[in-house]
Every structure is written in C-alpha cells, then in structure tokens.
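Below are a few numbered notes to read alongside the coordinates.

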Amino acid sequence: PPAEIVYESIDDEAFGIQKINPLAESLQVLRVPPFSRSLWGEIIPFIIKCCPNLKTLGKASGTMLGLDLLSKMDNLEHKQTNLEEIFIHMDLLKKADYIEMPNASRLGNGDTISQNSPNLRFVVQNLGAGAFEEIQDDDDQEKIIKKEFALDIWDFARTLLPKEDIGERLDHFVSMICSSSPKTRAIHILSLSYIEGFNLRSN
C-alpha cells in the first residue's frame, strides 16, 4: 500500500457512491445482530451520517469502536448522534486474551482481535490466509516480506485495543456515550465470559 493515502472529494452528484436512498433520512431503527461479521465498527460513522435519525443499531458489536471513530473524524460538522439505545460488546475480559502474537488460524478466517478494535480482514483479503503465520525457513523472500508486514500491522492494532482494566474501559465507554449520544435511554451489555478480577459491587 502507499505510504500516504489521499482522499479527494468528488463534485459529480451523479457519481454512484454518492446516491443515498431517500429512506435513509427517516430511518430510525436498524436491528443489526451481534458479532463482527454483521457490521464492522468502521462502517458505523458513515451509517450515522447517512441515517441521521437512527435511534438504534440493534446489537452491533462494534458500536463503541464506531462512536470512538466518529468522535475523531475532523470533517464531520455534527458528531452527536440521535441514538437512544446503545449496545456494548465486552470481550478481552482476561489478561490471557491479550496475546502478543497473532492466532493465525483465527485471523486467517477474517476475524478480529476485539469487537471494538479495527478489523484486520484487509490483510487476509490482500495477502492471503497465511499472512499471520510464523515465518518458516523455507519461505521465499516475498512471503517473508508479507508476513513481516502483517506482523507490523498486528503490533500496531494491539495498541488500539480496549483498556485491560474493565473499570477504566467502562468509564471510557460511558463517557463516550454521554458526549456522542446524549439522548441515550438504554444501554445493553453482552459479556460471553466472566470478567477476571472485576468486583461489580466495588465498581
């Protein structure tokens, strides 16, 4: 990929990607099922921009990532949403979940490190399912370069993972919800395992 990606505005109103269904303006309910293969968090800011009256994204697992990205987008005039229902997918609940090296079999299927971190599908889709496998002695130079590049992306992606401290993570999520979606009336939390070292009574 190029060292620097440049985005350009297209003034042609007839350009295909700029055509938005008129229903998007009035759409209020979008019931998305959980997990990353349903809706990537990276897409959420664009959905919210195209559907400004949305009140819920259903159980979109990447909602927190989407709201975080929305808050950091400099070219958006309005960063507050009309969402009234927020879904929080809590994963990486144990220290053991924060692995230093990628699980090639998991990422080879196009999965993510966390539901609330940038996905790595583009690596697998562009470099192949073996991109995250360990470098072998019989790998040719091209394969070694691909694997080293994938590992660099993995290392950077790990810096974008949710906070290990669950209390701090929830504080951050709630603060982000209050600032980006002040009309929120309901928050739903999905946790598929116990939270290691977290005492709900004291937090």
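**Notes on the fold and its packing**

1. Reading along the sequence, the elements of the protein follow the pattern β-α-β-α-β-α-α-α-α-β. That comes to six helices and four strands. Please keep in mind throughout that this is a predicted model.

2. On confidence, the mean pLDDT of the protein is 80, and 80% of its residues reach 70 or more. Among the elements, strand β2 (residues 56-58) has the highest mean pLDDT, at 93, while helix α3 (residues 104-107) has the lowest, at 65. I would read any remark about α3 with that value in mind.

3. The protein has 203 residues, and 35% of them count as buried. Taking contacts between residues at least 6 apart in sequence, 74% join residues at least 24 apart.

4. Helix α2 (residues 63-71) deserves a look. Seven of its nine residues are buried, so the helix is largely enclosed by the rest of the structure. Those buried residues are Thr-63, Met-64, Leu-65, Gly-66, Leu-67, Asp-68 and Leu-70. What do they pack against? Their partners are α1 (44-50), β2, β3 (85-90) and α6 (166-180).

5. The largest nonpolar core has 22 residues, and the members that touch the most others are Leu-57, Met-64, Leu-67, Leu-83, Ile-86 and Ile-88. Elements giving two or more residues to this core are α1, α2, β3 and α6. Of these, α6 gives the most, with four residues. There is also a second, separate core of 13 residues, which includes Leu-92, Tyr-98, Leu-120 and Ala-150.

6. Leaving aside neighbours within four places in sequence, Met-64 is in contact with Ile-86, Phe-87, Ile-88, Asn-116, Phe-173, Met-176 and Ile-177.

7. Is Lys-147 buried or exposed? This lysine, placed in helix α5 (residues 141-158), counts as buried because its relative accessibility is 7%, under the 20% cut-off. Its side chain makes a polar contact of 2.8 Å with the side chain of Asp-139. Not counting residues up to four places away in sequence, Lys-147 touches Gly-130, Ala-131, Glu-133, Glu-134, Ile-135, Gln-136 and Asp-139.

8. How many disulfides does a search of the whole structure find? The count is zero. For Cys-50, the nearest cysteine sulfur is that of Cys-51, 6.1 Å away; a disulfide would need the two sulfur atoms to be within 2.5 Å. With a relative accessibility of 30%, Cys-50 counts as partly exposed.

9. Cys-178 lies in helix α6 and counts as exposed, with 53% relative accessibility. As a last item to check on your screen, Cys-178 and Gln-80 are 98 residues apart in sequence, and their C-alpha atoms are 9.5 Å apart in space.

Notes. Residues are numbered from 1 along each chain as its sequence is written. Side-chain values use heavy atoms; hydrogens and water are left out. Buried means under 20% relative accessible area, exposed over 50%, partly exposed in between (1.4 Å probe, protein chains only). A polar contact is a pair of N or O atoms within 3.5 Å; within protein, one must be able to donate a hydrogen and the other to accept it, and residues adjacent in sequence count only if both atoms are side-chain atoms. Contact means heavy atoms within 4.5 Å. pLDDT is the predictor's confidence in each residue, from 0 to 100. A nonpolar core is a set of buried Ala, Val, Leu, Ile, Met, Phe, Trp, Tyr and Cys residues joined through side-chain atoms within 4.5 Å.
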